[in-house]
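I would like to guide you through one protein model, a few residues at a time. Please keep the sequence and the structure in view.

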Amino acid sequence: MTEGTSNPAENLAPSADAVDTAASRRRAAHDAPLLAAARGDKPAHRPVWMMRQAGRSLPEYREIRKDIGMLDSCFNPELLAEITMQPVRRHNADAAILFSDIVVPLKAAGVDLDIVPGRGPVVEHPIRTLEDIDNLPMVEPDQLTPIAEGIGGVLEQLRSDQVLIGFAGAPFTLASYLVEGGPSKNHEVTKALMYTNPETWHALMRKLTPLIVRFLRVQAEAGIDALQLFDSWAGYLSARDYREFVRPYSQQIFTAMRSYGIPMIHFGVGTGELLGDMAIAGPDVVGVDWRVPMDSAAARVYGALEADAPDGQPDTRMRAYQGNLDPAVLFAGPDVIASQVKRIAAEADRAIARGHSRGHIFNLGHGVLPSTDPDSITRAFEEIHLS
């Protein structure tokens with residue numbers, strides 16, 4: 001790790017009491033299929049959940065959200081719990097994913113931003129100087145109380161074989177929104193800052209990393225069973241830039257959260273060339289988008305971990321994998337869905353048989369598209385449970 005990224009992850013780790021509190025609030029069974037797959041045991045069936053499964057594809061979601069903004073929904077405990085549970089009830093998912101957004105901890109801290117329909121998160125005052133970074137507020141746990149209360153409401157409704165996955169955006173993706181002022185097609189302002197003023201870039205990442213850890217710690221101590229760190233925009237980086245400017249900070253987050261003892265998933269879009277580096281950052285489960293076959297992804301990661309592993313520690317080469325049905329397949333009809341589910345399951349099983357993977361959690365290669373027929377999602381879940 002370079003001098004610019006020094007920020008010992010141990011300083012971000014929770015206390016023993018916090019870890020005990022988190023464990024006491026988790027209620028999923030040890031053999032819940034997702035937990036079994038993540039640690040390398042044989043699950044009762046192949047577990048499945050889908051990113052954005054709680055969202056615009058569901059008529060019940062559109063109805064409940066028709067008069068309330070996205071961020072207002074995220075900070076309403078009752079609404080958060082209901083939206084999180086809607087797809088679990090409808091599709092018989094093995095996991096609920098916390099209804100949230102990657103900018104929630106920034107909003108809670110007091111950053112002036114909003115989610116603009118049709119555009120996404122928009123930041124009123126972009127962060128581009130050291131002074132901007134110094135003025136960026138740090139989120140406090142009591143500012144996240146509605147999220148913790150919402151998690152409690154979800155846990156009351158889940159079966160013991162279903163898990164709740166917590167959620168946070170990774171430092172690079174949060175930084176890009178802050179620097180660009182909103183979504184970007186090319187991330188040119190972000191990359192220009194990285195290249196021309198690396199000290200400022202690293203200062204921003206050092207500011208965001210503990211903020212994300214605090215957000216995840218609140219979720220862990222409220223009782224989530226697993227977490228996903230979602231780096232939406234990391235696929236726009238070269239492997240070299242990812243290693244220098246991004247990986248050390250994601251690694252600090254995984255290190256800080258490890259003592260909670262819950263599976264940790266890392267996912268990004270268009271990250272086929274980064275999968276090995278993302279695995280080295282420390283997750284238990286590597287998410288794979290639809291562009292890379294599951295067995296090829298596992299082989300890439302295994303090779304990267306093998307090269308990075310200390311001598312005599314072959315177990316450090318193993319990860320579980322999540323993915324990776326193309327979201328567009330859900331529009332292609334039941335026969336195509338069944339065929340593609342079988343193909344991906346076979347690829348994932350080959351990776352396990354070859355010793356490159358310890359388990360498979362079925363998911364999309366990104367998120368459910370808004371116009372997806374919910375019945376197609378339900379059929380896909382049924383096919384997956386039989387695979």
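Arg52 is partly exposed, with a relative accessible area of 48%. On this scale, buried means under 20% relative accessible area, exposed means over 50%, and partly exposed lies in between, with a 1.4 Å probe and protein chains only. Arg52 belongs to the loop between helix 2 (33-39) and helix 3 (59-64). Helices (H or I, at least four residues) and strands (E, at least two) are DSSP runs, numbered from the N terminus.

Before I continue, note that this is a predicted model: local features need pLDDT of at least 70, side-chain atom pairs count only at pLDDT 80 or more, and totals for chains, interfaces and linings use all residues. Residues are numbered from 1 along each chain as its sequence is written, and side-chain values use heavy atoms, with hydrogens and water left out.

Most residues other than glycine have a negative phi, and most peptide bonds are trans. His187 is another residue other than glycine with a positive phi, near 55 degrees. His187 sits in the loop between helix 9 and helix 10, and at 1% relative accessibility it counts as buried. As for peptide bonds, the one from Gly323 to Asn324 is cis, with omega near -5 degrees. Asn324 is part of strand 8 (residues 319-325).

Let us turn to the database record. In an unreviewed entry, UniProt lists residues 47-56 and 165-181 for "domain: Uroporphyrinogen decarboxylase (URO-D)". UniProt positions are given in the numbering used here, feature names are shortened, and annotations may be inferred rather than shown by experiment. Over residues 47-56, the chain is 0% helix and 0% strand, and the C-alpha atoms at the ends are 23 Å apart. Residues 165-181 are 59% helix and 29% strand, with 28 Å between the end C-alpha atoms.

Next, the aromatic rings. How many aromatic pairs does the structure hold? There are seven. Rings of Phe, Tyr and Trp (its six-membered ring) pair if their centres lie within 6.5 Å; planes under 30 degrees apart count as stacked, over 60 as edge-to-face and the rest as tilted. Tyr177 and Trp233 form an edge-to-face pair, 6.1 Å centre to centre and with 65 degrees between the planes. This pair links distant parts of the chain, 56 residues apart: Tyr177 is in helix 9 (residues 171-180), and Trp233 is in the loop between strand 5 (226-231) and helix 12 (239-245). Both Tyr177 and Trp233 are buried. Elsewhere, ring pairs join Phe167, Phe230 and Phe267 into a cluster.

Contact means heavy atoms within 4.5 Å. Is Asp289 buried or exposed? At 3% relative accessibility, Asp289 counts as buried. Its place is the loop between strand 7 (285-287) and helix 15 (294-308). Pro293 lies in the loop between strand 7 and helix 15 as well, but Pro293 is partly exposed, at 34% relative accessibility. Leaving aside neighbours within four places in sequence, Pro293 is in contact with Asn324 and Glu347.

In helix 1 (residues 16-25), the buried residues are Ala18, Val19 and Ala22. Why do they line one face? Seen down the axis of helix 1, they fall within an arc of 100 degrees, so they line one face of the helix. The arc is that of the directions from the helix axis to the C-beta atoms. Turned away from that buried side, the face of helix 1 carries the exposed residues Ala16, Asp17 and Ser24. The buried residues of helix 1 pack against helix 11 (198-222).

Helix 10 (residues 188-196) has Thr190, Lys191, Leu193 and Met194 as its buried residues. Down the axis of helix 10, these fall within an arc of 155 degrees, so they too line one face. They pack against helix 9, helix 11 and helix 12.

Thank you for your attention.
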